[in-house]
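Q: Please take a close look at one part of this model: the contact between its chains, with its charge pairing as background. Kindly state the cut-offs behind each term.

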Amino acid sequence: MSFGLKIFFSYVISVVIVMTVVASVMIHRHFSLFRNGLIDEGKMLADIISRNSVTGVYAENESLLKEAASAIMNQPNVIAVSLYSADKRVLFHAGSREPEQIGAAPGGSMDKTAELRGVEIIGEDNNTISLLAPVEMGISREDLYFERSPASVKTLVIGYAGIILNKASMKREKRASIERNLTTTAAIIILGSIFIFLIVKRITEPLVKLTVSVRKFGEQGVFEPVHVESKDEIARLAETFNAMYENVSKREKEKRHLEEQLGHSQKMEAVGTLSRGVAHDFDNILSTIKGATYLLNKKIAKESPLREYTEKIDNSLERARLLTESMIVFSRSQSVRAVPVDINNLIAKIKVILADPAQQNFEIRVSLSEGELIVTADPVQIEQVVLNLCINAKDAMHEGGLLTISTQKVMAADMPQRISAKLPQGYDSAAGFAEIAVRDTGTGIHEDIKDKIFEPFFTTKEVGRGSGLGLAIVYGIVNQYNGLIDVQSKTGEGTVFKIYLPVAEKALPDMGN
Amino acid sequence: MLAFLMIRKAFFLTITVLLSLLCNTAISLASDVVVVMSSDIKPYHEALEGVKETCKCRIKDVIFLNEGIDIGRKISETKPEALLAVGLDALEKLKSVNNIPVVYVMVPHSRSLMSLPNNISGTCMFISPESQIDAMLDVFPRVKRIGVIRSSRDYEDVLLEAEKIAQSMGIKLVVKNSQSQGSVFSAIDSMKGEIDLFWMLADSTAVNRETFEYMLRFSFQNRIPIFSFAQKYVEMGAVAALTVNPHSVGRQTGEILKNFFRDGYGDHAEMVYPAELSLIINRKIANKMGIRIDRKIIEKADNVIE
């Protein structure tokens, strides 16, 4: 049974029990009040007739007694009136019950007359109540002469007045009271149950949402935050779950990112190792071919048509040499010579290298931060990185454009989220980075291939125009120094590569390789 | 000179001693009396005042019966020389006392008064039949037949005496018996046409609020006046009544007490009829019934209700 149903049934059972008890008490109280009212009325009537019948009882005069009794007989609930002498003879009787029956009524007895002190109940059964009152007369001889207070007047019982009351009205009232109370109780229980159901549903709804969310996360790995409007414990539970899910998701993302990085690094390393081996062997082969070509050229006349073929061989050898060189650079061992390098100074030199007065439609702009921007790295590698990026940028601007190289110092806390998310764990948010941004106004990188641009041998250039190792080399070098690369590109508008390298003032965490 | 002074001194000393002795004797003559009163009503207090005037006694304590005090214990504590019972209930309480004098006052007529022990005497409230008949004939001189109801044995001897007195005066006493409370009405009805005057006796069996209402109705319907024994009935419709004066009854009782202190109590109990009586007339009722009462009687009456 669900939690909500348990609460609902608990409440409903409690309400039923309470209302049953309350209804029972109300019925009993109402019935008691009505019964007491009936008895009080009977006592009053018995008292009235006992006072009004003194003369008639004393004189044993039937007409006087009838006159006294008639007013009482007209009262509702009175079914019989009887008047007795002191020796219990019936002097007068009116009503539907026989006077003898008063003495014979269950629990009733005329023998009780000896104990009578005012009006008393002398018998009761399921349908009737019998009351008896003494008929008294003052007897003191002194009262014949003087007026005395009623309290000091002695009295003599000269007879009795009996009244029988019908309990039918009491029964009717009891029935009506039961019906009323049952109806009210049922209505309260039903309305209360509906109300409780709605409340319980409202209370447990966040729990249900939470359950669904947890199940979905467990089965499908899909996280949907649970929104709870209340401010109670359930809301706090939902918030805690949401926070937990976010943390788990975050960690999963980091894990995937690290795994990707690891995969990429391993892949790079594997490729690097392969490249190193192949490059080395290839270089040897090329050396042999180059030597043979050299000797061949020496043997061939300058005008010989065979020179055409040896020139082609030389050209191919040169491309192959460049390729092996790139492969060697890519696979170069991690033991580099890291020294403090002023990035601004380095880029200023690269600008000179890149400048080509022949290219009128190609502009290079450099915007450097003030002062020095020092990183601890191999200057040759950094130069390689910047050059590779600039070459790619230039290649993307076939019909000319603007190449912008800029530098600035950026704190980790000020980095955009998408960049700082890539920072390894344990990085100090106060750490400073040297940002090197290379921006072009070229064709841009399509979104579909953006994730692949750093893979070794991946290229969009024509065959022979690129080795596909440039960006892989950039990635490897930047990673080596625990830096970051960020790429933003829009097809048709251009691309910006941003390299972040830790500045030399802060100590770097030991990431290992 | 010295001797003269000593003699004079001795003389004055003797006078002083004699005077002291005399005073003590006077003080010791005032006997202690404890009063037991049936209820706290004005006539009883008037009677007690009358007693005080003549008994030459000291009222040590007044006990009211409705206070629920233990009378026996009180008497033991106070040790009075006599007891005064005011009212019938008080007398009933003190009937068993036999070692000191008990005097009663303001007690209605009862046969039991005739058989009290010799230490109990007093004044009853009942007026002698002779006085009553005399008064009836003074107020109603033309009356020849007087009706009376006999319902208890208390008044048997009174009625016997009354019959003799009436007969001697040429008056017929019509006595109707009523053996039960219910037959009083029929007894009254049977007097129709047989009497000229209804004589109401202080008999609680025959007289109560219900029977008196019936008597009044009979009286008005048949123009038969009622001669009663208490003022309250005259106020309610009886034509005349001969009543006692509580204060003078008290004085009479005081004399009895004084005699007890002086002489002790004798062989038998003494019951004294009240000497001073009061005539009360309701002239308004008399006029309504067409009864003319003599002016002298009106003047003689102690209270006339107009």
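A: A salt bridge is a side-chain nitrogen of Lys or Arg within 4 Å of a carboxyl oxygen of Asp or Glu. The model is predicted, with pLDDT of at least 70 required for local features and 80 or more for side-chain atom pairs, while totals for chains, interfaces and linings use all residues. Residues are numbered from 1 along each chain, chains are lettered from A in the order written, and side-chain values use heavy atoms, without hydrogens or water.

Over all chains, the structure holds 26 salt bridges. One links A:Glu233 to A:Arg236, with 3.8 Å between the closest N and O atoms. Both A:Glu233 and A:Arg236 belong to helix α7 (residues 233-299) of chain A and stand three residues apart, about one turn of the helix; helices are DSSP runs (H or I, at least four residues).

At the interface, 17 residues from chain A and 32 residues from chain B take part in the contact (heavy atoms within 4.5 Å). Chain A and chain B bury about 2,300 Å² between them, with 56% of it on carbon and sulfur atoms; this is the accessible area (1.4 Å probe) lost on being put together, summed over both. On the side of chain A that touches chain B, α2 (54-59) and α5 (141-145) of chain A each supply at least two residues. By class, that side of chain A has 10 nonpolar, one polar and six charged residues, charged meaning Asp, Glu, Lys and Arg, nonpolar meaning Ala, Val, Leu, Ile, Met, Phe, Trp, Tyr, Cys and Pro, and polar the others.

Notes. Buried area = accessible area lost by both parts, 1.4 Å probe.
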